[in-house]
Amino acid sequence: MRIDLHTHSTESDGTDTPAELVAAAAATGLSAVALTDHDTAAGWAEAADALPPGLRLVRGAELSCASDDGRGRVITVHLLAYLYDPTSPALVEEQLRLRSERRHRLRRMAVRMVEDGFPIDPDELMAAMPADAPAGRPHLAMALIRAGVVTSVDEAFARYLTGGRYYVPRTDTPVARAIEMITEAGGVTVLAHPFASSRGPIVSDGVVADLADLGLAGVEVDHPDHDPATRARLRGLAGELGLLTTGSSDYHGTNKTVRIGAETTSPDVLDAIADRATGCKVLVG
């Protein structure tokens, strides 16, 4: 059985619709796939309706959170939330806030670029996304590609979208509060790519231990941004802390080069996640 527990659709910053994503998962030979768009469950219904026979759908989301890194700095960490109740009031309110802030932030970044002569249109950029979609920097990166400013999403991030004049920070959910909200909503939390230093500052081992004490259920070990040494270190830490270990592609369609199913999770781990969840269940096509 091949299981991929971290993918994104057009409901956030992927290029496959939810229906196309589950079709791609089945075509790749996956037996289960998690749809984990940023700060939204909007793609769940479409993915469920299009679920091919035999494929299991794990309903989830990826939440951007703020955390102390263990060295006195506040950094962004990403929390995967699985099988939670999307109608939980506290969670609904926080995800609405995050989506609104994402849109405001993206427009401000685009306007700054226009002020410096970049050939993009902030109104067109925002209008191209569903009204309640969680806007992200990849959307601006794709606009820069279409305008001929850069040739790839990675180039856009490296040159313009990470720090510098065009970067606008956002107010993320404190990670402890996010774990609490997802747990209250009957879900299960896994820290996404926690030691992916190529993405920026990472948390210390001590912070992971603290989050485990707060109810964190697992860590994403097998991820394209973790090298073999990092995976071994993280797997050892998870063993010490009694955390589940997952593997995922972090698939974004053509916005990234990683294929769906490039990294996978043990069936036993998915069973453990499903057993712990009370918010909703895994769906089977």
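**Ground rules.** I count residues from 1 along each chain as its sequence is written, and my side-chain values use heavy atoms, with hydrogens and water left out. Because the model is predicted, local features need pLDDT of at least 70 and side-chain atom pairs count only at pLDDT 80 or more, while totals for chains, interfaces and linings use all residues.

**Entry 1: the domains.** I looked up how the chain is divided, and I found domain 1 (3–95 + 171–284) and domain 2 (101–161). These bounds come from an automatic or database domain assignment. Taken over C-alpha atoms, the two centres are 25 Å apart.

**Entry 2: where they meet.** I found 9 residues of domain 1 in contact with 8 residues of domain 2 (contact means heavy atoms within 4.5 Å). The two domains bury about 760 Å² between them, with 46% of it on carbon and sulfur atoms. Buried area here is the accessible area (1.4 Å probe) that two parts lose on being put together, summed over both.

Which side chains form a salt bridge? I noted Arg-102 and Asp-39, at 2.8 Å from N to O. The term needs a side-chain nitrogen of Lys or Arg within 4 Å of a carboxyl oxygen of Asp or Glu. Between the two domains, the count is 1 salt bridge.

**Entry 3: Arg-170.** Next I found Arg-170 in the loop between helix H6 (153–161) and strand E5 (173–174). Helices (H or I, at least four residues) and strands (E, at least two) are DSSP runs, numbered from the N terminus.

Leaving aside residues up to four places away in sequence, I saw that Arg-170 touches Ser-64, Thr-76, His-78, Glu-101, Arg-102 and Arg-105. Arg-105 is 65 residues from Arg-170 in sequence, yet their C-alpha atoms are 7.0 Å apart in space.

I also looked up polar contacts (pairs of N or O atoms within 3.5 Å; within protein, one must be able to donate a hydrogen and the other to accept it, and residues adjacent in sequence count only if both atoms are side-chain atoms). The Arg-170 side chain has one with the side chain of Ser-64 at 3.1 Å, and another with that of Asp-172 at 2.6 Å.
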